[in-house]
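Biologist: I am new to this model. Please take one part of it, the charged side-chain pairs and the nonpolar packing around the helices, and go through it closely.

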Amino acid sequence: MSTPLADTTNPDLGLLYAVNGLAKRSPEWLDHLVSWIGEYGILLGLALLGLVGWLQARRRPDAPVAVAGLLWAPLSVAIAELANLPIAAIVNRPRPFVDHTGLDVLVDGKAGTHSFVSDHSTMSMGIAVALFLVNRRLGWIAGGLALLQGFCRMFMGVHYPTDVIGGFALATAVVLLLAPIAMAVLVPLCHALSRTVVAPLIRAPRSGPRPRGRRRGGERGTVQPPESDLAA
């Protein structure tokens, strides 16, 4: 028995048919490519962006803060996915191809799973928003990949547009609302780890001679800029 959300309005269903209709008119190799990108490729690309962000964060003056922000990305995704479990169960929205014929479904094994909200959209936008808090350039790139993720899920015929929008909204809310609490825990943790044997994971080793704290006559040497609560 489908819920009222399954009886989606024309704009939602119309957009799904329009995007999925591209799959019907595309060559088979393109359908396979988009399916792989939408199922695995974008998530791998986001993981690679996270790795690049970590390598850059280790070289920043506020490295512990920046690395803490990057740690928040996978943690926020995990929390968003846990929050989606009761949401999906309560809404109980079937996949669009269950209630509507004529869709070109490009992946198998989705019939018995919930449609709202899109897990892939939640994960991709969660990483994008969290990464944006640390590195805006990488965050914009990740945001573009998240939007592409949502398009691919509709192209594949496995999600309504509102499933994608719901995933984006859930991820954004979790990342932004819980970030202050998360950073209050992660920043001291990263500072503590930077004084242990795993310090290279938090702060890149310095090359060349280390600057002196003070010079003769009481003049100060190199002064590190103050750390921010979240890396800009």
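Salt bridges and nonpolar cores

Modeller: Arg 153 and Glu 39 are joined through their side chains in a salt bridge, with N and O 2.7 Å apart. A salt bridge here is a side-chain nitrogen of Lys or Arg within 4 Å of a carboxyl oxygen of Asp or Glu. Arg 153 belongs to helix H6 (residues 136–155) and Glu 39 to helix H2 (residues 28–57), so the pair links distant parts of the chain, 114 residues apart. Helices (H or I, at least four residues) and strands (E, at least two) are DSSP runs, numbered from the N terminus. Both Arg 153 and Glu 39 are buried, where buried means under 20% relative accessible area, exposed over 50% and partly exposed in between (1.4 Å probe, protein chains only).

This is a predicted model, in which local features need pLDDT of at least 70 and side-chain atom pairs count only at pLDDT 80 or more, while totals for chains, interfaces and linings use all residues. Residues are numbered from 1 along each chain as its sequence is written, and side-chain values use heavy atoms, with hydrogens and water left out.

By the salt-bridge rule the count is four. Asp 12 pairs with Arg 93, their closest N and O atoms lying 3.1 Å apart. Asp 12 sits in helix H1 (residues 10–24), and Arg 93 in the loop between helix H3 (63–91) and helix H4 (96–99), 81 residues away. Arg 93 also forms a salt bridge with Asp 163, at 2.7 Å between the closest N and O atoms. Asp 163 lies in helix H7 (residues 161–193), so this pair ties the loop between H3 and H4 to a part 70 residues apart in sequence. Asp 12 and Arg 93 are buried, and Asp 163 is buried too.

The nonpolar side chains come next. A nonpolar core is a set of buried Ala, Val, Leu, Ile, Met, Phe, Trp, Tyr and Cys residues joined through side-chain atoms within 4.5 Å. The largest has 46 residues, and Trp 72 and Met 125 have the most contacts inside it. H1, H2, H3, helix H5 (119–134), H6 and H7 each give two or more residues to this core, with the largest share, 10 residues, coming from H7. Leaving out residues up to four places away in sequence, Trp 72 is in contact (heavy atoms within 4.5 Å) with residues including Ile 79, Ala 130, Leu 178 and Leu 186.
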